[in-house]
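Subject: Structure for your review

Dear colleague,

Please find below the structure that I am handing over to you. My notes on what was found in it follow directly after.

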Amino acid sequence: MTPDASPQDPPDWRREFAEEARSERPDLARLCLLIGAVADPSVTRHDLNEAEIELDRLAGLVPYATRVTGDWTGTLAGLLGGREGFVGVPADYQRLESSLLHEVLRRHRGLPILLSVVWMEVARRAGAPVYGLGLPGHFVVGFGDPADLDLADPFAGGRAMTGTDAELLVAGATGEALDRSMLRPAEPGAIALRVLNNIRAWAAPRPERSDVALWAVELALLLPSHPARLRQERAELLVRRGDFLTGAAEMETYARVMDAVDPEAAATIRLRARAARARLN
């Protein structure tokens, strides 16, 4: 607790997210749980602690012998995908809670990246050399040396994947061949950004949930590395929600950034800012 805070002060989840994201070794579970806390006003610090405890409990069910056998994929598929029932179905893409870690731990359902986060955090606690792999269109987990491509698909209950499976997945999502750069393990900040991108994609066709799109963009902007275009997206969301002056001011700020790289785009953004200000008249 900060010196000037009182026990009655509500947690500042956004500040905590920013601090965690910019720490030397960001904690993936905490980043994802803080996203859920921003999303759900009913979440308390006790809920976040309970989620961490659940991850610890699941890790405690992993046989210690797995460290010797190295069969992390088979063991975790049997535990998480089988016994505990962590698996995904297409309908999960239509639910916001499928992107919120505390809800995924409660429902045992979620998007590929959130189920992968569960696998990664359980495996890490159990001592596995685990990493996340953000393939185009689908997130999976890997174990050991990334060059070995010992992969599993948590969305499919932990189905083991070969290099050929990964190539087919990428070809189906992009129509292109697998590039070795796609096999680089994902860092916690990049995973959090991808989670937030999924939330923005969920909110995009739901104009009545522009509040969700706005906080997802604002959290993404707190990450040390994020696309500059998110500033324009935030400005446009503010205008859409009726905050014309703030939105217009942010568009003009972003236009100044774009002057050096794309003057034509900068001019278009200034026109949008002028149109936003005109809506006040």
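A nonpolar core, as the term is used here, is a set of buried Ala, Val, Leu, Ile, Met, Phe, Trp, Tyr and Cys residues joined through side-chain atoms within 4.5 Å. Please bear in mind throughout that this is a predicted model.

The nonpolar cores

The largest core has 69 residues, and the members that touch the most others are Ile35, Leu101, Val122, Phe143, Leu196, Ile199 and Trp215. Helix 2 (residues 28-39) supplies the largest share of this core, with 10 residues. Another core lies apart from it and has 13 residues, including Leu135, Leu149, Val170 and Leu183. As general background, nonpolar side chains in soluble globular proteins tend to be buried together.

Which residues does Val122 touch, once those up to four places away in sequence are set aside? They are Leu55, Leu58, Ala59, Val62, Leu76 and Leu80.

The strands

Strand 1 covers residues 130-135; five of its six residues are buried, so this strand is largely enclosed by the rest of the structure. It runs antiparallel to strand 2 (residues 138-143), and six bridges join the two. Within this pairing, Gly134 has Phe139 of strand 2 as its bridge partner. The hairpin of strands 1 and 2 has two residues between the strands, and Gly137 there takes a positive phi near 80°.

Strand 2 is also joined to strand 3 by three bridges, again in an antiparallel arrangement. Here Gly142 stands opposite Leu151 of strand 3. Six residues lie between the strands of this second hairpin, and in its turn Gly144 has a positive phi of about 75°.

Leu149 belongs to the loop between strand 2 and strand 3 (150-153). Its phi is positive, near 50°, although the residue is not a glycine.

Ala152 is placed opposite Ala160 of strand 4. Five residues separate the strands of this hairpin, and Gly157 in the turn shows a positive phi of about 80°.

The loop between helix 5 and helix 6

Ser98 is found in the loop between helix 5 (72-83) and helix 6 (101-107), and Ser99 is in that loop as well. Are these serines buried or exposed? Ser98 has 0% relative accessibility and so counts as buried; Ser99, with a relative accessible area of 4%, is buried too.

Setting aside neighbours within four places in sequence, Ser98 is in contact with Asp92, Val104, Arg107, Gly110, Leu111 and Leu114.

The structure holds one aromatic pair. Its rings, those of Tyr93 and Phe155, have centres 5.8 Å apart and planes at 65°, so the pair is edge-to-face. This pair links distant parts of the chain, as Tyr93 lies in the loop between helix 5 and helix 6 and Phe155 in the loop between strand 3 and strand 4, 62 residues apart. Tyr93 counts as partly exposed at 38% relative accessibility, whereas Phe155 is buried, with a relative accessible area of 13%.

His108 sits in the loop between helix 6 and helix 7 (112-125). Its phi is positive, about 60°, although the residue is not a glycine. With a relative accessible area of 15%, His108 is buried.

Arg270 is located in helix 13 (residues 263-278) and is partly exposed, with a relative accessible area of 30%. What does the side chain of Arg270 make a polar contact with? The partner is the side chain of Asp259, at 2.8 Å. Apart from neighbours within four places in sequence, Arg270 is in contact with Ala255, Arg256 and Asp259. Ala255 is 15 residues away along the chain, and its C-alpha atom is separated from that of Arg270 by 6.4 Å.

Yours sincerely,

A colleague

Note on methods. Residues are numbered from 1 along each chain as its sequence is written. This is a predicted model: local features need pLDDT of at least 70, side-chain atom pairs count only at pLDDT 80 or more; totals for chains, interfaces and linings use all residues. Side-chain values use heavy atoms; hydrogens and water are left out. Buried means under 20% relative accessible area, exposed over 50%, partly exposed in between (1.4 Å probe, protein chains only). Helices (H or I, at least four residues) and strands (E, at least two) are DSSP runs, numbered from the N terminus. Two strands pair if DSSP finds at least two bridges between them. Contact means heavy atoms within 4.5 Å. A polar contact is a pair of N or O atoms within 3.5 Å; within protein, one must be able to donate a hydrogen and the other to accept it, and residues adjacent in sequence count only if both atoms are side-chain atoms. Rings of Phe, Tyr and Trp (its six-membered ring) pair if their centres lie within 6.5 Å; planes under 30 degrees apart count as stacked, over 60 as edge-to-face and the rest as tilted.
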